[in-house]
Amino acid sequence: MRTLFHSYLNSSLILRVSIALVLGVAVGMIGGQQVADWLAPLGELLLRLLKFLIVPIVLFTLMVGINQANIGSMGRVGRKLFGFYVMTTALAIVVGLVVASLFEPGSGMALNESAEVKVPDNPGIASVLLNIVPDNIFTAFSELNLLGIIFIAIVFGIALLKLRESETHAELGEHLYKVVEALNEITLKVMAGVLQYVPIGVFAIVAKTAGEQGMSTILALGDMVLVLYIALAVHLVVYCILMRMSGVRVRAFFREARTPMATAFATQSSSGTLPLTLDAARRLGIPKRIYGFSLPLGATINMDGAAIRIAISAVFAANVVGIPLDLMTMAEIVLIGTLTSIGTAGVPGAGIVMIATVFAQVGLPIETVALLVSIDALVGMGATGLNVTGDLVGTAIIARSESKHSAETTVARSESAG
């Protein structure tokens, strides 16, 4: 047993996670709902451990990152980041519409007029923006308000930076910075221990999902699921092209990104996977001042996978009711879907909220959402995996851009000095 345990610890994490995914599907399909219920606590434990790390890892990583940069560079990174997220979200919807138009999921299906689905209220962009500033620090932590936690970390990080630069309290600022840095290192040590449990938790979650969904659900709406995963694959190719154009080494990127991608796929949680995503960015050699800011923000507002889901769901609904989408309606879906994906950030049931909001705006029947609820888990797994991948891709590209900017600035200063 001791030899087996050491072999487990010494083997590659992505190998363990990959085996867990395959075994989870097999066990879930064979064992069904009974096995799913029995394994559920093991999966829940992983989600709890990952959520347990979110507050300290976001708070300390971002504060340390800000204190390794300057205010000007943070603003520049923020502008690039927001532009990248909006661009790729809109592009994801276009990819989804094109792929879905080619394969036409939902053709031949009939709408059940009696079907009902409870859709959570859409809070709107204004409410989300207000939610960035928490009225209580401890409530933001307890409710895992990621945008609020990011705001707290930025405010106190900048205050700490100013304290270190002041003439009267510089020494106090340095002492406080060392404490924050030490807390960040402790958090990383705890995360290293949690990583060892990830394959077990992934196995349990995947087995539970496969056991609950079953083959009947997969086959009934299989064309919708298949088209979605084709669109996700196409968008993944788009990521590779963007990285190649930016000078990011694609093979090295995916070598480190595989673990958070697989975990996001299994857990269906971008924020829950955040500790692993941050660890992957660190392994890629991305500066902490960049990934400490970009990844927590991306986990909240960057939803390329969800955007593809919106597009394909819209085409699916149009085919079910027999009303093909025209170019004007598709353009409207791109615009509304892009804004909605940001406006519902961090909302429970965000996927259903986004789809229902877009359907209401373009005149598609809300009842068709009920057809999609049955495959919500299968669709959500792929969409979340792409969401997390997009966060890391954006971070890697912006880090590369900042590296070039620093090099050009250095050359310019040298030439002016000469």
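Leaving aside neighbours within four places in sequence, T88 is in contact (heavy atoms within 4.5 Å) with H235, L242, N302 and D304. The model is predicted: local features need pLDDT of at least 70, side-chain atom pairs count only at pLDDT 80 or more, and totals for chains, interfaces and linings use all residues. Residues are numbered from 1 along each chain as its sequence is written, and side-chain values use heavy atoms, with hydrogens and water left out.

**Residue T88**
- T88 sits in helix α3, residues 71–103.
- The relative accessible area of T88 is 0%, so T88 is buried (under 20% relative accessible area, with a 1.4 Å probe and protein chains only).

**Whole chain**
- There are 17 helices and zero strands in the chain; these are DSSP runs, H or I of at least four residues for helices and E of at least two for strands, numbered from the N terminus.
- Of the 418 residues in the chain, 52% are buried.
- Of the contacts between residues at least 6 apart in sequence, 85% join residues at least 24 apart.

**Helices α6 and α12**
- Helix α6 (residues 146–165) packs with helix α12 (residues 288–301) at an angle of about 155 degrees, their axes being 9 Å apart; axes are lines fitted to C-alpha atoms over the stretch in contact, and angles run from 0 to 180 degrees between N-to-C directions.
- The two helices are therefore roughly antiparallel, a term for angles over 145 degrees.
- The contact involves L146, L147, I150 and I154 of α6, and F293, P296, L297, A299, T300 and I301 of α12.

Note on methods
Parallel < 35°, antiparallel > 145°, perpendicular 65-115°, else oblique. Buried < 20%, exposed > 50% of the residue type's maximum accessible area, 1.4 Å probe, protein only.
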